[in-house]
Structures are given as structure tokens and as C-alpha cells.
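Subject: Structure for you to look at

Hello,

Here is the structure I said I would pass on. My notes follow below it.

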Amino acid sequence: MTPVVVTSPPRPDPAAVARLREYGVATVHEAMGRTGSLGPDVRPIQQGLTVAGGAVTAVCWPGDNLMIHAAVEQCGDGDVLVVATAAPSTHGMFGELFATALAHRGTVAVVIDSGVRDTAELRAMGFGAWSRHVSAEGTVKATAGSVNVPVTIADQTICPGDVVVADDDGVVRVPLDDVEATLEACQARVEKEAATREAFRAGQLGLDRYGLRDVLARLGVEYRPYDTARDAQGRQ
């Protein structure tokens, strides 16, 4: 594939992005049918920060952050920079200087399938970072990659303009064409959870609300008094 920098990528509606941010990663993931998650290994370096934005993507070679420099120019207000690598990399490819340049452009966060460094400085800046690794190991700037092409992280393909939502629970991507349907599903889920929360506060058990007693019975789970169960275990 010829290295390329694609300019003027599509961008999602800011109002829709703001609503997805309010719902958060877990709700968005569940609303999409438990899809879109970048998995448990892409983790936040900070706590208590939720971001959402349109993806500007970059593909870099391991240990080479040349294309992050190229991607910064393509980033704008409200974007999230998403960086994948052509092969696994643990290098600290992103740090405080990149964040300074991106913050000037209004970019809200980076999601990178490699390493970040300067984590204390990033937290002090309030610049969000989600990464597979934290590493001080440096990089070179020598190999061409691409900007604003589809990238794959944890079996999820992220296209320029897809909405990326990230918080303490991880990262989820919403395809640009699915944003409105996802918002509707998120709202329905929030309303359903609100009703369940009130039921639990009133004392109802999940076993009854979700019809799980029948599930336990179908799976052969038996209820026994403690003394009977202990005697049965002692005879095994």
C-alpha cells in the first residue's frame, strides 16, 4: 500500500459526539450489541476522564513515530488521534510534546496501540491518553506510514470520522454511519437501567427481575441447607 496522508476526513456531528460522551464506554458498548470495544489491554493512564471525538487515524511502524507528526497537522477541534502500528510495538511513541501540539489544535485525546511516556505531565495537562503500554523507550522518525486510513486495533477497524469514546472502562468505537442508531439504543438502555435501579433499591433481586431462577433450575443448580450441603461435601 502506498503511504498516504488523507486530508479533510469526515467528522461526526459535535452534538451527537457530546451525547455519546455522556453515555460512556460501557453503555455505548452494550447498546451496540457488545461490539466496538478495543479490549481490556488499551488502558487509560489517568482516572476520572471521559472523552469522545471523531477519529483521526495514523499507521506507524514499530518504534517510529514519523506519521504521528504528520497526523498532528490533520487533527482539529474535538478530534481523537488513533494510532495503530504495522506490527506490535512497546515503544513510548507519544509524550508531552505531542500532547502540547494537539491541545493547541483542540484535539482531546490519543488512543494508541503502542506505548506512551511522560505520563505525569500528560495527567497534569489533563490530556487524555489510552495506550497498550507505558514505556520510556524512545523512537525514530524514518519510515513512512499513512494518515486517515482505516486502522485495526484489537480486531476493531476504526475509520476516519468514526466516534471514539474513552473513559476509565476503556475505549469503544462507533462507526460514523451507526451514530444515530447507537444514540437511540443508548437512551433505551439508560431508561431500562433506571427502572432496574429503582427496583433494586426497593429490594427486588436480579434473580427475579431477570428470570434467573428458571435458568439456575435448567442448569441443574440445587438449593440445600448449609448443614446438608456440608455433609454432602464431606462425603465426596
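How many bridges join S4 to S5, and in which sense do the two strands run? There are 2 bridges between S4 and S5, and the strands run parallel. Please keep in mind throughout that this is a predicted model.

Strand S5 and its neighbours

S5 (109-116) is mostly covered, with 8 of its 8 residues buried.

Leaving aside neighbours within four places in sequence, Phe94 is in contact with Ile68, Leu81, Ala99, Leu102, Val110, Ile112, Gly115, Val116, Arg117, Leu122 and Phe127.

The nonpolar cores

The largest nonpolar core has 23 residues, and the members that touch the most others are Ile68, Leu81, Val83, Phe94, Leu102, Val110 and Ile112. At least two residues of this core come from each of S2, H3, S3, S4, H4 and S5. H3 gives the largest share, 4 residues. There is also a second, separate core of 16 residues, with Val51, Ala84, Ala109 and Trp130 among them. As background, nonpolar side chains tend to be buried together in soluble globular proteins.

Helix H3

H3 covers residues 66-74, and its buried residues are Met67, Ile68, Ala71, Val72 and Gln74. These residues lie on the same side of H3, because they cover an arc of only 155 degrees around the axis. What do the buried residues of H3 pack against? The list is strand S2 (51-60), strand S3 (79-85), strand S4 (92-94), helix H4 (96-104), strand S5 (109-116) and strand S7 (146-147).

Helices H1 and H6

In H1 (residues 14-23), the buried residues are Ala16, Val17, Leu20 and Tyr23. Seen down the axis of H1, these fall within an arc of 115 degrees, so they line one face of the helix. Pro14 and Glu22 are exposed, on the face of H1 turned away from the buried side. The buried residues of H1 pack against helix H2 (25-31), S2, S10, S11 and H6. Gly24 follows H1 and has a positive phi, near 85 degrees.

H1 packs on H6 (residues 179-201) at an angle of about 35 degrees, and the axes are 10 Å apart. The crossing of H1 and H6 is left-handed. On the H1 side the contact is made by Ala16, Arg19, Leu20 and Tyr23, and on the H6 side by Val179, Glu180, Thr182, Leu183, Cys186, Gln187 and Val190.

The S10-S11 hairpin

S10 (residues 163-167) pairs with S11 in the antiparallel sense, over 5 bridges. The two strands form a hairpin with 2 residues between them. One of the bridges has Val163 partnered with Val174 in S11.

Is S11 (residues 170-174) enclosed or open? S11 is largely enclosed by the rest of the structure, because 5 of its 5 residues are buried. Both faces of S11 are covered, with Gly170, Val172 and Val174 buried on one side and Val171 and Arg173 buried on the other.

Two backbone points to check

Most residues other than glycine have a negative phi. Two aspartates have a positive one.

- Asp118 has a phi near 60 degrees. Asp118 sits in the loop between S5 and helix H5 (119-125), and at 31% relative accessibility Asp118 counts as partly exposed.
- Asp155 has a phi near 65 degrees. Asp155 sits in the loop between strand S8 (151-153) and strand S9 (156-158), and at 74% relative accessibility Asp155 counts as exposed.

Regards

Definitions and conventions
Residues are numbered from 1 along each chain as its sequence is written. This is a predicted model: local features need pLDDT of at least 70, side-chain atom pairs count only at pLDDT 80 or more; totals for chains, interfaces and linings use all residues. Side-chain values use heavy atoms; hydrogens and water are left out. Buried means under 20% relative accessible area, exposed over 50%, partly exposed in between (1.4 Å probe, protein chains only). The arc is that of the directions from the helix axis to the C-beta atoms. Contact means heavy atoms within 4.5 Å. A nonpolar core is a set of buried Ala, Val, Leu, Ile, Met, Phe, Trp, Tyr and Cys residues joined through side-chain atoms within 4.5 Å. Two strands pair if DSSP finds at least two bridges between them. Axes are lines fitted to C-alpha atoms, for helices over the stretch in contact, and angles run from 0 to 180 degrees between N-to-C directions. A crossing is left-handed if the near helix is turned anticlockwise from the far one by less than a right angle, and right-handed if clockwise.
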